[in-house]
Amino acid sequence: KKIGIKKSSAQLKANYNISDLLNKQIMAVINFPPKQIGNMISEVLVLGFPDENHEPILFSPDKILKNGGKLF
């Protein structure tokens with residue numbers, strides 16, 4: 001099953017530039033229904049942990065995995 005490109009309202013600017021995120025594999029929940037967040041529709045819940053300033057650090061695998069795998 002192809003996942004495609006999804007939009008997220010994750011606020012990542014404190015720790016990431018756009019170039020940091022291009023082609024980066026991250027963990028996200030993709031089977032929640034889309035949700036209106038501000039003026040956009042968020043299609044995924046990006047997973048991360050807060051840094052010392054309570055800004056998100058993305059949860060990312062240390063090896064490349066097949067997209068769409070189940071989290072357990």
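Colleague: How far apart are the mean positions of the positive and negative charges of the protein chain?

Modeller: Happy to start there, with a predicted model in which local features need pLDDT of at least 70, side-chain atom pairs count only at pLDDT 80 or more, and totals for chains, interfaces and linings use all residues. Residues are numbered from 1 along each chain as its sequence is written, and side-chain values use heavy atoms, leaving out hydrogens and water. Lys and Arg count as positive, Asp and Glu as negative, without His or the chain ends, and each charge is placed at NZ of Lys, CZ of Arg, CG of Asp or CD of Glu. For the 10 positive and 6 negative charges, the mean positions are separated by 16 Å.

Colleague: Thanks! What pattern does the protein chain follow along the sequence?

Modeller: Helices (H or I, at least four residues) and strands (E, at least two) are DSSP runs numbered from the N terminus. Read in order, the pattern is α-β-β-β-β-β-β.

Colleague: What share of the protein chain's contacts with a separation of 6 or more joins residues 24 or more positions apart?

Modeller: A contact here means heavy atoms within 4.5 Å. By that criterion, the share is 60%.

Colleague: Is Phe59 buried, partly exposed or exposed?

Modeller: Phe59 sits in the segment after β6 (56–58). Buried means under 20% relative accessible area and exposed over 50%, with partly exposed in between (1.4 Å probe, protein chains only). Because its relative accessible area is 32%, Phe59 is partly exposed.
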